[in-house]
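Here is a short report on selected residues, strands and salt bridges. Please keep the structure open while reading.

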Amino acid sequence: MRVNKQSTHTLEHQEGISEITESQFIPAPHALSDLRVVDMSTGIAGAFCSKLFADFGADVIKVEPPSGDPTRSLGPFPGGSSDLEASGMFIYLNSNKRGATLDLESERGRSLAADLMAKTDIVVVSFAPGEIESMGLGYDAIQKTNPAVIMISITPFGQTGPWRDWQATELVEYAAAGLSYVNGSPDREPLKEPGFESSYQAGACGFLGAMTALAHRDFTGHGQQVEISIQEAAAATFAPQFLGAMHSGESPGRGSTPLLPCKDGYVSLNVRHDATWEYMWLFFDAPEIAQDTRFATAAERRRRADELEELLLPYLAKYTMEELFHGLAPLRLLIGMTMDVERLVDDPHLRERSFFASSPHSTSGEIVIPGAPFRMSETPWSFDCPAPTIGQHNDEVFMSEIELGADELARLREEGVV
């Protein structure tokens with residue numbers, strides 16, 4: 001059961017604690033089904049933030065330019081196509097959302113955006129600092145007509161500071177957060193992990209910040225602006241290395257745990273602990289190697305890592321990844337299989353947990369996407385509908401939500417406003 005969102009804005013408080021009667025509670029099929037989110041962001045971070053709301057039941061309206069969101073051009077595309085409706089990135093990030101289009105460079109487009117923002121709980125934006133304010137759509141302006149609104153502002157380096165106006169790609173943000181410096185081999189240049197880790201981290205932080213602001217709003221009735229710097233969101237994951245450097249006075253160097261080849265792929269293997277060191281050689285039916293004085297302690301095994309790897313390779317080559325994983329993991333060795341996409345999708349553990357979800361898509365056919373990043377026992381994650389096509393829900397958004405007439409909507413469509 002959730003509190004009706006209209007009642008939470010007007011609850012009377014006694015000694016700081018709100019009194020809520022049973023009549024104010026309503027059942028909700030999803031955890032966030034009483035929320036509306038207007039996502040006016042571009043790029044990955046904002047879309048992932050609003051996706052988390054959509055996946056747990058919020059009514060999310062994805063607002064993009066009439067030409068389509070830039071993320072639609074990222075792909076991957078099935079069969080080498082470049083169809084903007086078939087972008088795997090856009091489909092993943094915008095499932096469970098309604099889609100509308102607006103030209104925010106036009107005065108009427110900005111007016112319609114303001115009308116939408118006046119009737120929503122949360123707005124997600126990713127405009128450069130000062131840009132949305134110049135449109136008359138900044139937090140202070142919208143808050144005058146909607147005091148309860150929460151605005152999530154996501155930028156590369158935040159709204160203040162000497163870097164605030166700098167643009168950045170994922171590569172720039174990842175490196176500026178300090179993450180590249182500790183990735184890679186010690187004798188080589190810094191590396192970046194593949195994908196969009198910084199952007200997804202920023203999106204998750206936006207979701208967390210908004211949920212915290214919602215809790216505050218339930219007590220006060222007032223919203224607030226949640227500012228996300230992608231650099232800072234990514235740098236937060238760098239905290240252990242940062243603290244280690246501060247305490248030791250030495251900057252953390254690059255280092256990586258090598259992946260070791262086996263019969264059908266690669267595994268990661270930790271052989272630092274003395275007890276598990278002996279167990280491993282029992283599994284390999286070579287207990288005498290556990291007594292080799294060159295590798296008697298964890299410190300020696302680290303120091304002689306190259307020799308140890310050379311020793312291990314012939315034994316690993318006799319087994320598949322699954323044989324090693326299921327043979328060594330019960331012996332409390334830290335071992336991991338290097339899974340490719342096909343193995344992940346077919347993995348029996350993830351299948352039993354229903355991690356992947358599928359749905360038909362009008363352009364791409366049956367699509368499979370990763371599931372929930374967390375699980376709730378009473379109000380689960382769901383994949384109810386695929387990402388919208390460009391402007392798919394313009395009629396219901398503009399005619400039902402802000403009561404435009406059919407003739408006016410048709411005229412705005414001809415003018416390129418929607």
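The model is a predicted one. Arg411 is the salt-bridge partner of Glu408, and their closest N and O atoms are 3.8 Å apart. Arg411 has 39% relative accessibility and therefore also counts as partly exposed.

Both residues sit in helix H18, which spans residues 406-414. Glu408 and Arg411 are 3 residues apart there, so about one helical turn separates them.

## Salt bridges elsewhere

How many salt bridges are there by this rule? The count comes to 26. Some of them join into a network, which links Asp292, Arg294, Glu300, Arg303, Arg304 and Glu307.

Glu300 counts as partly exposed because its relative accessibility is 24%.

Strand E7 covers residues 98-101. Which of its faces are covered? Both are. Arg98 and Ala100 lie on one side, Gly99 and Thr101 on the other, and all are buried. In a regular strand, side chains alternate between the two faces of the sheet.

Strand E6 (residues 59-64) runs parallel to E7, and 4 bridges join the two. Ile61 has Arg98 in E7 as its bridge partner. Between these strands, the chain passes from E6 through helix H3 (residues 88-93) to E7. This β-α-β crossover is right-handed.

## Arg98 and Glu396

Arg98 also takes part in a salt bridge. Its side chain meets that of Glu396 at 2.9 Å, N to O. Glu396 lies in helix H17 (residues 394-401) and Arg98 in strand E7, so the pair ties together parts that are 298 residues apart in sequence.

Are the two partners buried or partly exposed? Arg98 counts as buried because its relative accessibility is 13%, under the 20% cut-off. Glu396 is at 34% and so counts as partly exposed.

Lys119 is in the loop between helix H4 (107-117) and strand E8 (122-125). Its relative accessibility is 46%, so Lys119 counts as partly exposed.

Which residues does Lys119 touch, leaving out those up to four places away in sequence? They are Arg36, Asn146, Glu401 and Ile402. Ile402 is 283 residues from Lys119 in sequence, yet their C-alpha atoms are 8.5 Å apart in space. For Glu401, the backbone oxygen lies 3.1 Å from a polar atom of the Lys119 side chain.

## Ser198 in helix H8

Ser198 belongs to helix H8, residues 197-220. Is Ser198 buried or exposed? Its relative accessibility is 1%, so Ser198 counts as buried.

What is Ser198 in contact with, beyond its neighbours within four places in sequence? The contacts are Glu170, Glu173, Tyr174, Ile230 and Ala234.

Methods. Residues are numbered from 1 along each chain as its sequence is written. This is a predicted model: local features need pLDDT of at least 70, side-chain atom pairs count only at pLDDT 80 or more; totals for chains, interfaces and linings use all residues. Side-chain values use heavy atoms; hydrogens and water are left out. Buried means under 20% relative accessible area, exposed over 50%, partly exposed in between (1.4 Å probe, protein chains only). Contact means heavy atoms within 4.5 Å. A polar contact is a pair of N or O atoms within 3.5 Å; within protein, one must be able to donate a hydrogen and the other to accept it, and residues adjacent in sequence count only if both atoms are side-chain atoms. Two strands pair if DSSP finds at least two bridges between them. A crossover is right-handed if, with the strands pointing away from the viewer, the path from the first strand over the helix to the second runs clockwise. A salt bridge is a side-chain nitrogen of Lys or Arg within 4 Å of a carboxyl oxygen of Asp or Glu.
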